[in-house]
Amino acid sequence: FTGPEFNDVDNRIISLKLVLMGMTKAALFNPQGEVQQASEAFYKKNILFLRGRFRPPTHVNTDMFKTGYDIFIKDKEVDSSKVIMLAELTLNNLSNDGQIDTKDFIDRADILCAMGYSVLISNYHEYYKVVSYLSNITKVRLGLILGMINLNDLFKESYYQNLKGGILESFSALFSRNVKLFVYPAKDLKTGKIQQVADFVLPENLMDLYRYLLANDKLHDVENAKTEYLEIFSDQVIKMIKEGTPGWEKMVPAVVSESIINKKLFGYGSAQKV
């Protein structure tokens, strides 16, 4: 919606409502907050995307994008001048007790745009569906960044009970596309060990499938991850913000802390002073 009669209309909220109402599966806007047609914005572009809640974005998220980008552009099929950095929010990641708070959505979207990312809202809960969606728009190389926890979820057979072919059908849809997965490490908080692709353990019936993906260059560790960030968790940051606990500012990029403080986002300033 454009024009003087629509000055009070936020097209991002309209986009969110279109997805919520099932009128579209996904909606996109650029770092300037402008709604875009994905078919035009993504055409012949190399998309590097990260799915998350981003509530709020932390140093972990920015490092995931940075390290993922560094390895992505080394691919001979990737043109660094045509890479779109995409933060994806699914309806699952936007909901709180089954409800979606539009202000909370806009708060997160504003921060992600200020960080220079395009934002995709989607109703594609499974990774293979969003990859299929993107692959139908651009035929060039895609990159998907995910953490070790998300990699574990990817192999949960219970997620694919609605598919006749189960996990094999989902992996066929996911990995038959021109996509590579970049896995960000995790830290075992008990032992302090850094866990990477080689440390990933699956039930025996799935290990051959995992080895196949490794052998065929579908999964990669990201390089030079800042392991000191691996003990930062968004839920912890949110808790500290709401309770007025100092130190959370060091867990997020400066642009994020400034936005939270200046706009009083995520409950900032709500803690009662004793």
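**View 1. Strand β9 and its two rows of side chains.** From β9, Val 179, Leu 181 and Val 183 point one way while Lys 180, Phe 182 and Tyr 184 point the other, and all are buried (under 20% relative accessible area, with a 1.4 Å probe and protein chains only). In a regular strand, side chains alternate between the two faces of the sheet. Six of the six residues of β9 are buried, so the strand is largely enclosed by the rest of the structure. Strands (E, at least two residues) and helices (H or I, at least four) are DSSP runs, numbered from the N terminus.

This is a predicted model, in which local features need pLDDT of at least 70, side-chain atom pairs count only at pLDDT 80 or more, and totals for chains, interfaces and linings use all residues. Residues are numbered from 1 along each chain as its sequence is written, and side-chain values use heavy atoms, leaving out hydrogens and water.

**View 2. The neighbours of β9.** Strand β8 (residues 142-147) runs parallel to β9, joined to it by six bridges; two strands pair if DSSP finds at least two bridges between them. Leu 146 has Val 183 of β9 as its bridge partner. Three bridges pair β9 with β12 (residues 219-221), also in the parallel sense, and here Phe 182 stands opposite His 220.

**View 3. Helix α8 among its surroundings.** Seven of the 10 residues of α8 (residues 166-175) are buried, so this helix is largely enclosed by the rest of the structure. Among them are Ile 167, Phe 171 and Phe 175. The buried residues of α8 pack against α6 (127-135), α7 (148-154), β9 (179-184) and α9 (204-215), where contact means heavy atoms within 4.5 Å.

Technical notes
Buried < 20%, exposed > 50% of the residue type's maximum accessible area, 1.4 Å probe, protein only.
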